[in-house]
Amino acid sequence: MGGDGNYHFEKSLLDNRKVIKLLDQAIKQNKGFSLARFGIGEISYLSYPANGLLVQEFKRYESYAGVSHAPEIIRRELVRLMQDTDIAGLMAPWRLDPWAKQTRTVLEQLKFMPTKACCAWIMQSLLDEGTLWLWLSNKKGISCWTPFKRSGNRF
């Protein structure tokens, strides 16, 4: 995709029910499905080489997530992940508008628009709605989160 208006991902963010429906559909079909969150740290890396505030967030993310690879390697892997994920969790302007704008800039620089996207805070939103634990109650899977050292717990 190209052009100014095409990178306004927030105009086509899937709502929570649609994301859950797609996840349930993948489970029913017994096929893999990924929802990857691209928050402040990931957008900082995707903006690499960064400056100003982005450098601060970049360094904070490295410490928080236990990053040990060179920024170029992390950026390359994040680009691959964004292109391969089924749903990209992106920062919605109603949550953090400056970072939503930076996300649009990153997408434009990459000349890429995810096929499907939702708000990066979908899990918190599902918790707030009171639907997350009910939905998870009869599922088997692996939950991954940061800090990386704690990821991979099974439920």
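This is a predicted model: local features need pLDDT of at least 70, side-chain atom pairs count only at pLDDT 80 or more; totals for chains, interfaces and linings use all residues.
Residues are numbered from 1 along each chain as its sequence is written.

The chain holds seven helices and five strands. Both are DSSP runs, numbered from the N terminus: helices are H or I with at least four residues, and strands are E with at least two. From the N terminus on, the order is α-β-α-α-α-β-α-β-α-α-β-β. The chain has 155 residues, and 40% of them are buried. Buried means under 20% relative accessible area, exposed means over 50%, and partly exposed lies in between (1.4 Å probe, protein chains only). The chain exposes about 9,700 Å², of which carbon and sulfur atoms supply 53%. These areas come from the Shrake-Rupley method with a 1.4 Å probe; for residues, only the protein chains shown count as cover. A contact means heavy atoms within 4.5 Å. Among contacts between residues at least 6 apart in sequence, 71% join residues at least 24 apart.

Three strands form an open sheet in the order β1-β2-β3, with parallel pairing. Two strands pair if DSSP finds at least two bridges between them. β1 (35–37) and β3 stand at the edges with a single partner strand each, so one side of each has no neighbour in the sheet. The twist averages 30° from one strand to the next. Such angles run from 0 to 180 degrees between N-to-C directions, with axes fitted as lines to C-alpha atoms, for helices over the stretch in contact.

Three bridges link β1 and β2. Leucine 35 stands opposite isoleucine 87 in β2, and arginine 37 has glycine 89 as its bridge partner there. On the β3 side, β2 is again joined by three bridges. Here glycine 89 has cysteine 118 in β3 as its bridge partner. In a regular strand the side chains alternate between the two faces of the sheet. Both faces of β2 are covered: Ile87 and Gly89 are buried on one side, and Ala88 and Leu90 on the other.

In soluble globular proteins, nonpolar side chains tend to be buried together. The largest nonpolar core here has 27 residues, and Phe38, Leu46, Met82 and Leu90 have the most contacts inside it. A nonpolar core is a set of buried Ala, Val, Leu, Ile, Met, Phe, Trp, Tyr and Cys residues joined through side-chain atoms within 4.5 Å. Two or more residues each come from α2 (40–46), α4 (71–84), β2 (87–90), α5 (93–110) and β3 (117–119). The largest share, five residues, comes from α5. A second, separate core has twelve residues, including Leu14, Ile20, Ile87 and Trp135. Back in the largest core, leucine 46 touches Phe38, Arg75, Leu78, Val79, Met82, Val106 and Leu110, not counting residues up to four places away in sequence.

Asparagine 16 lies in helix α1 (residues 16–28). Its relative accessible area is 15%, so asparagine 16 is buried. The side chain of asparagine 16 makes a polar contact of 2.8 Å with that of serine 125. Another polar contact, also 2.8 Å, joins the side chains of asparagine 16 and glutamate 129. A polar contact is a pair of N or O atoms within 3.5 Å; within protein, one must be able to donate a hydrogen and the other to accept it, and residues adjacent in sequence count only if both atoms are side-chain atoms. Not counting residues up to four places away in sequence, asparagine 16 touches Ile122, Ser125, Leu126 and Glu129.

Definitions and conventions. Side-chain values use heavy atoms; hydrogens and water are left out.
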